[in-house]
Each structure stands twice: as C-alpha cells, then as structure tokens.
Amino acid sequence: MEKDDLFPSLENLQPTELLIDYQDEDISILDNVKDFAHLKDTKIPKHVVVLGIKGTMTLSVDNRHLSLSSNELLMCPERAYITDVKMTSGFECKICTFTDRILQDCLHNNVNLWNNAVYIRKINHITLQPESVDFIQHLCEALRFLINDHNRPYKKEKIQALIGVLLLSLCSLLYEEMSENSIPIGDISRKEIIFHDFLRRISKEGNKMRSVDEYAEQMHISSRYLANVCKAISGKTASSWIEDFVMEEIRRYLRTSNMSIKEIAAVLSFPNLSLLGKYVKRKTGLSPRELRKTLRQ
C-alpha cells in the first residue's frame, strides 16, 4: 500500500494529534487532527474534505482566506496550497482524502460539476443545513460501522461505495450553492469552456493521446494557449492533467483486470513494455508488477 501523504508534514504529527480510522491506496478517513500547526505552507497531493465538528479553524487555500466551524464543510482540490493555519482551542474535525480515480469512478459525468465548482468557481466552503448535517452524520456512523467490521468480506469496496455516496451528496450541495448564488452552471468563460473540454477529452474512456500538442490540435488551439488556460484555471499544467489521468487508467487495469503488463501497454498505446515500466516507475517508484501487487493487497 502506498503511503498516504495527506500533507507532506503529516508524519510530523504526534500519535495523540492524529487518529487515522481507515486507509487504502485511494482513501483515508481521519477521525481528527487536533493540531494543524505543523501543516502550514503545504501543497496537498489529494482531494480533501473536512467536516467541522467543534471550534473554528482559519486558513488560506490558494491565497483565499477561509474559516471552518461546526457543521461546515471545507473542500480542497488536489495540489491546493495551504497556508496560515490557525485554530481555536479544542478544535475538532473529520477528514476524508481521496484520489482522482475515486472522484472519476464515483461521479462519472457529474465530475464536470465538481470541476466547475471547486476548480473554476473556487467554491471551497459550504455551511450545512440541518437536514444535510443529519445525513452526513448518518454516513459517518455507517462508515464507522464498516471500519470496525473486521470479519466480513468486501470491506474496502463497501467503504468506497459510501465515499461515492458522500461525493454525490457534495455535488448536490455544490449545485444548490451555485444556484442560490445565481451562478448558472453553464455560464462560464471561454477559458473555462476550453478547460472543461480538455478534461472531458483526457477522461474519455479509451483515450490514448499523451501530449499537450495532440489535444491542442484536436481542439483547434495552440498548445501554449491550452497550457496557459489549464494553469490559470486549475493551477495544474496540462501535461500534469494528462499524466494523472493516464496513471489512473494504468492503476485501474492493474487493479481490476487479469491482463498481462504487455497487454495493458498495448491497450494504453505505449510503444513497448519497457516504456510503460519506466512511466510507472517514474510516477510511483514501483514496477508495474509491484504496483499491481500493492493495489491488490
């Protein structure tokens, strides 16, 4: 199992400050982090959702000042930059981190709503209504039951299914937030339209393109303009988006199929087995066979 670097400095937290309930290669569920002081000036490598339980935390997410109190949600996209973290005494929260693979698998076509709200509209904070609080509390109770149920099969799959319910519920909340603030879902700029189109193309099943130039040509824009759009809208380069989606496809084949490494290389249009091996090694530090073994543990 890959180490979950929720934050690069997370390992510096003391055992009394960090209570990890559950962890696999795609998801971590943390009961509480009592001291975020160690986490200032940090770029987070996964998507993070934080539910405020007690007290207040203030922080900056990509230079936007935010606060989190009881019955409020904070959503941070991967590679967001966290600074200026402060909290009141006794602050408590619950945290879930998840990879792009989980986001794609759970949301499917609804991932565009997430991207529009979180990446483009920068909606990172939601105040929950009482009915939403009750629903999320019930979800937390169900997750707690599954986490503590050590004797029954399919534990990981059931936990991931509940995280899927959570993500779809968040999409519903984001939709309501945008509607209440008179933000038409489709009312986005040309750059935002291009970014959405780019995400749609790289996430399309069976997609085999690897270079920014190929996508730019297909979209009838220059590769430089596409690169600038992606960086401006999401903070990530176009090549990083492509590599992340390709890597998630590799992970999916390694984890769920019985195809040989050579067959996977062919399906994903790697010229040969060696190039796939080097690609996986560069991204994960493991060979494809080692990664498959890790993913199936």
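These are my notebook entries on a predicted model.

**Entry: overall layout**

I began with the chain as a whole. The protein chain holds eleven helices and ten strands. It has 297 residues, and 49% of them count as buried. Taking contacts with a separation of 6 or more, 69% are between residues 24 or more positions apart.

**Entry: Asp26**

Where does Asp26 sit? I found Asp26 in the loop between β1 (18-23) and β2 (27-33). Is Asp26 buried or exposed? Its relative accessibility is 2%, so Asp26 counts as buried. The cut-off for buried is under 20%.

Next I checked what the side chain of Asp26 meets. The side chains of Asp26 and Arg101 are joined by a polar contact of 2.7 Å. I also listed the contacts of Asp26, leaving aside neighbours within four places in sequence. They are Lys46, Thr97, Phe98, Thr99, Arg101, Ile102 and Gln160.

**Entry: helix α1**

I noted the buried ones: Asp100, Arg101, Ile102, Leu103, Gln104, Cys106 and Leu107.

I then went to the residue that follows α1. That residue is His108, and its phi is positive, near 55 degrees.

**Entry: Cys106**

I stayed in helix α1 for Cys106. Its relative accessible area is 16%, so Cys106 is buried. Which residues does Cys106 touch, not counting those up to four places away in sequence? I found Gln160, Gly164, Leu167 and Leu168. Gln160 had already come up as a contact of Asp26.

I also looked up the spacing between Cys106 and Leu168. They are 62 residues apart in sequence. From C-alpha to C-alpha, Cys106 and Leu168 are 7.5 Å apart in space.

**Entry: Leu139**

I moved on to Leu139, which lies in helix α3 (residues 130-148). Leu139 has 8% relative accessibility, so it counts as buried. Not counting residues up to four places away in sequence, Leu139 touches Leu162, Val165 and Leu166. Leu139 and Ile163 are 24 residues apart in sequence, and their C-alpha atoms are 8.8 Å apart.

**Entry: aromatic pairs**

How many aromatic pairs does the whole structure have? My search gave five. I looked into one of them, Phe195 and Trp241. The pair is edge-to-face, with 70 degrees between the planes and 5.7 Å centre to centre. Phe195 is in helix α5 (residues 190-202), and Trp241 is in helix α8 (residues 238-256). The pair therefore ties together parts that are 46 residues apart in sequence.

I checked burial for both partners. Phe195 is buried, at a relative accessible area of 0%. Trp241 is buried too, at 2%.

**Entry: positive phi in loops**

Most residues other than glycine have a negative phi. His220 is not a glycine, yet its phi is positive, about 60 degrees. I located His220 in the loop between α6 (212-219) and α7 (223-234). His220 is exposed, with a relative accessible area of 73%.

Ser269 was my next stop. Its phi is near 65 degrees, again positive in a residue other than glycine. Ser269 is placed in the loop between α9 (261-267) and α10 (273-284). How accessible is Ser269? I noted 35% relative accessibility, so Ser269 counts as partly exposed.

**Entry: cavities**

I looked up the second largest cavity, whose volume is about 50 Å³. Which residues line the second largest cavity? The lining consists of Val61, Asp62, Arg64, Pro77, Val118, Tyr119, Lys122, Asn124 and Ser234. By class I recorded four nonpolar, two polar and three charged residues in this lining.

Note on methods:
Residues are numbered from 1 along each chain as its sequence is written. This is a predicted model: local features need pLDDT of at least 70, side-chain atom pairs count only at pLDDT 80 or more; totals for chains, interfaces and linings use all residues. Side-chain values use heavy atoms; hydrogens and water are left out. On a 1 Å grid over the protein atoms alone, a cavity is a set of points where a 1.4 Å probe fits but cannot get out, and a pocket is an open set with protein on both sides within 12 Å along at least five of seven lines; lining residues have an atom within 4 Å of a point. Grid points are joined across faces, edges and corners, and a volume is the space filled by probe spheres set on the points. Ala, Val, Leu, Ile, Met, Phe, Trp, Tyr, Cys and Pro count as nonpolar, Asp, Glu, Lys and Arg as charged, and the others, Gly among them, as polar. Helices (H or I, at least four residues) and strands (E, at least two) are DSSP runs, numbered from the N terminus. Buried means under 20% relative accessible area, exposed over 50%, partly exposed in between (1.4 Å probe, protein chains only). A polar contact is a pair of N or O atoms within 3.5 Å; within protein, one must be able to donate a hydrogen and the other to accept it, and residues adjacent in sequence count only if both atoms are side-chain atoms. Contact means heavy atoms within 4.5 Å. Rings of Phe, Tyr and Trp (its six-membered ring) pair if their centres lie within 6.5 Å; planes under 30 degrees apart count as stacked, over 60 as edge-to-face and the rest as tilted.
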